[in-house]
Amino acid sequence: ADIEQFRERLKGKQLPEAAQDKIEEELNKLSVLETGSPEYAVTRNYLDWATAMPWGLTHTDKLDIPRARRILDRDHDGLEDVKQRILEFLALGTFKGSVGGSIILLVGPPGVGKTSIGHSIAESLGRPFYRFSVGGMRDEAEIKGHRRTYIGAMPGKFVQALKDVKVMNPVIMLDEIDKLGSSHQGDPASALLETLDPEQNNQFLDHYLDLRLDLSKVLFVCTANTLDSIPGPLLDRMDVIRLSGYIAEEKLAIAKHHLWPRQLERAGLRKSQLRITDKALRQVIEGYAREAGVRNLEKQLAKVVRKSVMKLIDEPDQKLSIKPESLQELLGTPAFRTEKPLKGVGVVTGLAWTSMGGATLPIEANRVHTLNRGFKLTGKLGEVMKESAEIAYSYICANLREYQADTAFFDEAFVHMHVPEGATPKDGPSAGVTMASSLLSLARNKAPRTGVAMTGEITLTGQVLPVGGIREKAIAARRQSIFELILPEANRGDYEELPDYLQAGMTIHFAARYSDVAKVLF
Ligand code: ATP
Ligand code: MG
């Protein structure tokens, strides 16, 4: 009976000759084996997988750009540039007749809509969607399967995906590709490279199946929080699309059009039963969910709905409206407050960029005592960042006269510089100008102007070099209500490329040398 069922499954599929022969051989084997024997179970299991592969079956793409546009717009507010890139990509596919053989990489902080964009791509094409995470994957066998000689051997993820989606050209999303592990059980990164590479993956070999599969028609969409830890050869083959995070206005629109209605629907509530004012939404965004993405915002709104349902249960006919005043009771004390701009001698605001998105980075320095000279750094700084601090220190020490500071200041100053928060690891050279400014402020005993944030690498001769993440940093500054920035001159192009809504109301100073920075601050 098993045999008939397996043959039935193969009807209408186009198997390569090797696969045909191999499956035939196994079917013959099955027919002579005793039904209760262990070998029977092993062979049966193998055939179950091999015959379930969608050999030669493909789904015809719906390459309809206006329709794709509608789907992307329906599911996502904002993200104009991202949508544009994806439509261009689909348009190219229309031209070629298929979008296979490509790897898209969506990179950005958590909760900015990467997974959600992936879903929309699949839906636009009308292809089935399969998603799994490769984060923390250490064993090559999870990708390429175990050899059948192992007890409990299993095929790898890609074979499992094909069985599930039943066509050879699904959209497969690989999450957390920046968090691939590695171990003595082989290197998943190179196995993955082999699998994704359009040059080699029409001959993909899963160890368990031991048959060549053509993965070249799969559209791979990968997601990552950062590019840094993605193996170079893999990155080279990808079309990178960046999602940088949202400003408050965008979050408000996303919350109104997507997050809130979805929470209501989940709770089985009608729109009229539970409303939330724009003011209250703004307060949730500012006070409870100050992040690059909207994941936490979604959670907070879920909490608001959950708690409100309790009230509606008692009196189902009443209509509730959430106002800013109600939030304290529903969500507790706000985690973030509108901070006054940092102020004081030695205190300067930098801009940082991590896998969590952009952030402001306050830096403080203080003279601890005057017994001898010295310099101490804290704040869990990485190697590169420590070096930038050393450079900033040397540069300021050597140029006190130029900057109207006490030329003997550092001779009798033990200086301590700290980058809060102390527990968050930080690295990179982009805080160079910020650290120099903090030290200069100390040496001049003069507080720098407030409400200004900066980023830039500094060299020993006081040049300001370009840095990454300008867009993320601009968004972070807005989030903290900072509208005046100092950026490296060489980043002028990056800044000018930003959409208008990010540039609006901003005052930008471009600095080629540190003296340009000092002029703005003091
Ligand atoms: P992670 O890196 O943590 O996996 P992600 O980038 O994949 O995050 P998603 O899961 O896609 O984030 O998004 C989080 C939630 O926010 C989802 O419910 C998603 O629908 C919603 N969302 C994100 N961006 C938008 C947007 N621009 N418009 C509408 N909804 C959005
Ligand atoms: Mg995701």
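**The largest cavity and its surroundings**

Guide: Sorted by class, the residues that line the largest cavity are four nonpolar, no polar and four charged; here Ala, Val, Leu, Ile, Met, Phe, Trp, Tyr, Cys and Pro count as nonpolar, Asp, Glu, Lys and Arg as charged, and the others, Gly among them, as polar. This is a predicted model, in which local features need pLDDT of at least 70 and side-chain atom pairs count only at pLDDT 80 or more, while totals for chains, interfaces and linings use all residues. Residues are numbered from 1 along each chain as its sequence is written, chains are lettered from A and ligands numbered from 1 in the order in which they are written, and side-chain values use heavy atoms, with hydrogens and water left out.

The lining consists of Ile-247, Ala-248, Lys-251, Ile-285, Glu-286, Ala-289, Arg-290 and Arg-479. A cavity is a set of points, on a 1 Å grid over the protein atoms alone, where a 1.4 Å probe fits but cannot get out, whereas a pocket is an open set with protein on both sides within 12 Å along at least five of seven lines, and lining residues have an atom within 4 Å of a point. The volume of the largest cavity is about 40 Å³, and the count by this rule is one cavity of 30 Å³ or more. Helices H11 and H12 each give at least two residues to this lining; helices (H or I, at least four residues) and strands (E, at least two) are DSSP runs, numbered from the N terminus.

An α-helix has 3.6 residues a turn, so residues three or four places apart point the same way.

Helices H11 and H13 also take part in the second largest pocket, where each of them, like helix H4 (65-75), helix H6 (114-125) and strand S6 (219-224), supplies at least two lining residues. This pocket has a volume of about 680 Å³, and of its 31 lining residues Gly-113, Lys-114, Thr-115, Ser-116 and Arg-295 lie nearest its centre. Helix H6 gives the most to the lining, with six residues, and by class the lining holds eight nonpolar, 10 polar and 13 charged residues.

Glu-123 lies in helix H6, and because its relative accessible area is 34%, Glu-123 is partly exposed. Apart from neighbours within four places in sequence, Glu-123 is in contact (heavy atoms within 4.5 Å) with Arg-67, Ile-71, Arg-74 and Asp-75. Between Glu-123 and Ala-68 there are 55 residues of separation in sequence and 8.1 Å in space, C-alpha to C-alpha.

Pro-110 is placed in the loop between strand S1 (102-107) and helix H6, and its relative accessibility of 28% is why Pro-110 counts as partly exposed. The C-alpha atoms of Pro-110 and Val-294 are 8.2 Å apart, although 184 residues separate them in sequence. Neighbours within four places aside, Pro-110 is in contact with Asn-225, Gly-293, Ser-355 and Met-356.

As for the protein chain as a whole, its secondary structure comes to 20 helices and 18 strands, and its C-alpha trace spans about 95 × 60 × 45 Å along the principal axes. Of its 522 residues, 50% count as buried. Among contacts with a separation of 6 or more, 76% are made by residues 24 or more positions apart.

Note on methods
Grid points are joined across faces, edges and corners, and a volume is the space filled by probe spheres set on the points. Buried means under 20% relative accessible area, exposed over 50%, partly exposed in between (1.4 Å probe, protein chains only).
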